[in-house]
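Me: I'm new to this one. Walk me through its helices, please.

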Amino acid sequence: ALGALAIASFGGADLDRQEAAARHLLEGYPENSEAANTGRSTLGMILTLRGDAAGALAMLEPIDELPDIPQIEMYAAAARSLAIGDLGDPISAEAIASASLARATGWGLAQSRVAGGLWLALGSAQARQGKPREALPMLDRALATWGVPGTLYRAQTLIVLGSVYGEVGEPAKARAVLREARAIIDGSPSAGAL
């Protein structure tokens, strides 16, 4: 199940497949087990991608700091930050992403693929606060780590990046990244709210 979730989450562009694998983990393993928390954090991110920020926060509520399982904590924190930003509180979203990135740095995981979700969350929160120039380096890091080609995570990052390029007066770059995002979304069997 964990293998199926990893393939669905990072190797594809199908939210339905990811959700099925995540629900299998959440429902098939004891509450608070590593497998169940993996399912819960993945469902939180999926709900964020589906445009259900409140549902994502409810799913993520039981997950706080999991120092024994840093990747799950980081993934859950990224989803929580993105959801809170979607609900209109970019300052809290930035604080969550920054705190989790500080822990990720302490674990030596700040440049890992999972940390890419935190870079996206941080850049997104900064952009929502009217700080697009500060957001650009964060989004570049997110694209390098989180933005695996062909995945919805890449499309998600490109959409935010396109908006930020527009805000800083680079419409050609905005159009280019948004065209790439559109190609990924159009090729996805289920792309949520993207």
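Reply: Labels first: helices here are DSSP runs of H or I with at least four residues, numbered from the N terminus. Also, this is a predicted model.

Me: Good. What comes just after α7?

Reply: Gly-130 does, with a positive phi of about 80°.

Me: Why call α7 largely enclosed?

Reply: Because 14 of its 16 residues are buried, α7 is largely enclosed by the rest of the structure. Buried means under 20% relative accessible area.

Me: Switching to α2. Which of its residues are buried?

Reply: Leu-15, Gln-18, Glu-19, Ala-21, Ala-22, Leu-25 and Leu-26. They cover an arc of only 165° around the axis, which puts them on the same side of α2.

Me: What about the other side of α2?

Reply: Ala-20, Glu-27 and Gly-28 are exposed there.

Me: Now α10. Which residues are buried there?

Reply: Ala-174, Val-177, Ala-181, Ile-184 and Ile-185. Down the axis of α10 they fall within an arc of 95°, so they line one face of the helix.

Me: What do those buried residues pack against?

Reply: Helix α9, residues 152-167. On the other side of α10, Ala-172, Arg-179, Ala-183 and Asp-186 are exposed.

Me: How far does α10 reach?

Reply: 22 Å from first C-alpha to last, over 16 residues (171-186). That is close to the 22 Å expected at 1.5 Å a residue.

Me: New topic: α4 and α5. At what angle do they pack?

Reply: About 145°, with their axes 9 Å apart. Helix α4 covers residues 53-60 and α5 covers 70-86.

Me: Is their crossing left-handed or right-handed?

Reply: Left-handed.

Me: Which residues meet?

Reply: From α4, Ala-53, Ala-56, Leu-57 and Leu-60. From α5, Ala-76, Ala-79, Arg-80, Ala-83, Ile-84 and Asp-86.

Note on methods:
Residues numbered from 1 in each chain as written. Predicted model: local features only at pLDDT ≥ 70, side-chain atom pairs only at ≥ 80, totals over all residues. Heavy atoms only, no water. Axes fitted to C-alpha atoms, helices over the stretch in contact; angles between N-to-C directions. Helix = DSSP H or I, 4+ residues; strand = E, 2+ residues; numbered from the N terminus. Left-handed = near helix turned anticlockwise from the far one by under 90°. Contact = heavy atoms within 4.5 Å. Buried < 20%, exposed > 50% of the residue type's maximum accessible area, 1.4 Å probe, protein only. Arc of directions from axis to C-beta. Expected span 1.5 Å × (residues − 1).
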